Amino acid sequence: MKPLLINTSDIHGGAARAANRLHNGLQQIGINSKMLVQKKTSNDNSVIGQEATIKGPRASKWNFISVTRYLIDRLPLIPYDYRNFQQIDWSPQWVPNNIHRKVNQVNPDIVHLHWICQGFIPIQEIAKIKQPLAWTFHDMWTFTGGCHYNGTCDRYKYECGKCPQLNSTTEKDLSRWVFNRKKKYWEEIDFTVVTPSNWLAKCAGSSSLLENKKIEVIPNGLDLQKFKTIPKEEARKTLNLPLDKNLILFGALNSTQDKRKGFQYLKSAISLLSNDLNFEAIVFGNATDESQLDIPINFMGRLPDNMLNSIYSAADAFVAPSVQDNLPNTIMEALACGTPSVAFDIGGMPDMISHMKNGYLAKPFDVEDLAKGIEWSVEQDQRKKKLSENSRKYVEENFELTSIAKRYADLYSKL
């Protein structure tokens with residue numbers, strides 16, 4: 001079996017990390033997996049793509065071709081809201097290329113698409129791939145008219161138009177055009193959809209674009225030899241963090257700037273926390289110093305992978321107050337390191353957080369309940385110990401990397 005996993009980047013971003021982990025998991029079970037990417041950052045010889053060495057948009061590493069394709073792909077957005085030209089998560093995916101020829105050169109027996117935006121693979125090109133096709137969704141883009149997360153809009157279920165993220169009041173706008181292009185080029189393609197969360201499967205199944213497609217749920221996997229619990233005191237000393245505080249951790253790629261990640265809710269919830277519990281915060285990712293909280297903050301910036309075990313293990317609770325999310329890698333990583341998680345009961349969170357067993361699921365967007373969950377997670381030493389044990393055990397039972405790779409291998413054998 002020779003699957004080719006295709007993703008915009010090999011290791012930068014949540015989808016890339018999930019795809020790359022699967023790629024490694026497949027190799028660990030003896031499958032000759034390769035990756036094809038637009039931006040290569042790793043030194044992995046089984047990843048095919050042009051090296052990314054320059055800084056570009058969105059705090060990422062790019063190469064000249066990827067920057068050029070990304071910017072050209074976004075040109076149709078200019079008439080709608082130029083101020084959001086660089087920041088809005090919205091992808092037309094129209095710039096032509098001949099990626100199917102590259103696929104044929106690699107000669108895989110399975111093509112497994114992942115996240116292909118930022119101008120990498122245009123909508124029309126997918127119809128030219130002739131190998132058996134699986135597609136793992138990492139957000140909603142594949143079944144919408146261009147947005148990556150729909151917010152409160154449900155027009156993706158029908159045919160889009162009047163896109164609120166474009167501030168459009170026109171039925172036949174860019175979102176309708178993108179939606180119709182997907183329908184035109186993909187309606188006759190036979191591909192199997194995989195979603196990492198049950199929530200995303202339900203959303204995908206409700207879109208008229210995928211009404212005839214088979215949808216399976218397979219979660220992302222995690223290498224539990226790399227992500228593991230280390231003693232809290234040791235972790236805190238390594239990172240020069242206080243030993244006598246309750247530390248709550250928050251982090252994402254653009255942790256404090258991305259509204260979807262919910263830093264604004266964390267900020268409100270922290271203002272409600274009891275002073276008696278002696279909290280401090282740790283924030284990692286592309287945060288800004290202006291993102292202040294009512295408790296002391298330890299800004300860690302972007303951390304190398306070999307520091308993640310320490311930062312997760314140092315915390316008493318990981319807080320992920322996302323407004324909308326699929327199956328965040330950060331929560332899975334925190335749980336694997338024995339750190340319980342607190343989140344709103346939205347999206348794929350219930351797939352990872354078992355309420356009051358390995359964390360706390362707060363009522364959606366209720367900051368008082370979010371604060372209650374944070375306090376509940378840390379206020380009793382015996383409970384903290386049990387939550388930590390349950391967190392690790394839950395990941396071992398549900399997300400161990402080679403067991404997830406075997407589920408994909410079984411799927412490939414049926415394509």
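Residues are numbered from 1 along each chain as its sequence is written, and side-chain values use heavy atoms, with hydrogens and water left out. Since the model is predicted, local features need pLDDT of at least 70 and side-chain atom pairs count only at pLDDT 80 or more, while totals for chains, interfaces and linings use all residues.

Salt bridges come up first. With a salt bridge taken as a side-chain nitrogen of Lys or Arg within 4 Å of a carboxyl oxygen of Asp or Glu, the count comes to 17. One of them pairs E125 with K128 at 3.6 Å, N to O. K162 and E171 make another salt bridge, with their closest N and O atoms 3.9 Å apart. Here both ends are partly exposed, K162 at 36% and E171 at 33%.

A further salt bridge links E396 and R392 at 3.1 Å, N to O. Both residues lie in helix α13 (residues 381-398), four residues apart, or about one turn. Helices (H or I, at least four residues) and strands (E, at least two) are DSSP runs, numbered from the N terminus. An α-helix has 3.6 residues a turn, so residues three or four places apart point the same way. R392 counts as buried at 16%, and E396 is partly exposed at 42%. Elsewhere, salt bridges with shared partners tie R155, E159, K162, E171 and R176 into one network.

A polar atom of the D369 side chain does, however, lie 2.8 Å from the backbone nitrogen of K363. Contact here means heavy atoms within 4.5 Å. Leaving aside residues up to four places away in sequence, D369 touches Y360, L361, A362 and K363.

K39, in strand β2 (residues 34-39), is also buried with no salt bridge, and the nearest side chain of opposite charge is D10, 8.6 Å away. The K39 side chain instead has a polar contact of 3.1 Å with the side chain of Q118. A polar contact is a pair of N or O atoms within 3.5 Å; within protein, one must be able to donate a hydrogen and the other to accept it, and residues adjacent in sequence count only if both atoms are side-chain atoms.

Not counting residues up to four places away in sequence, I121 touches I6, Q93, N97, I99, L113, I116 and I126. Between I121 and E187 there are 17 Å in space, C-alpha to C-alpha, and 66 residues in sequence. In helix α6 (residues 198-205), the buried residues are W199, L200, A201, C203 and A204, and they pack against β8 (191-195) and β9 (214-217).

On the surface, I72, L75 and I78 make up a nonpolar patch with about 220 Å² of accessible area together. Patches are built from residues with over 30% relative accessible area and no salt bridge, like charges being joined within 9 Å and nonpolar side chains (Val, Leu, Ile, Met, Phe, Trp, Tyr) within 5 Å. The accessible areas come from the Shrake-Rupley method with a 1.4 Å probe, and for residues only the protein chains shown count as cover. I78 is found in the loop between α2 (64-73) and α3 (99-106) and is partly exposed at 33%.

Q93 is found in that loop between α2 and α3 as well. Its phi is near 55 degrees, a positive value in a residue other than glycine, and Q93 counts as buried at 0%. N240, also not a glycine, has a positive phi of about 60 degrees. N240 lies in the loop between α7 (232-239) and β10 (246-251) and is exposed, with a relative accessible area of 70%.

Notes. Buried < 20%, exposed > 50% of the residue type's maximum accessible area, 1.4 Å probe, protein only. Lys, Arg positive; Asp, Glu negative; His and termini not counted.
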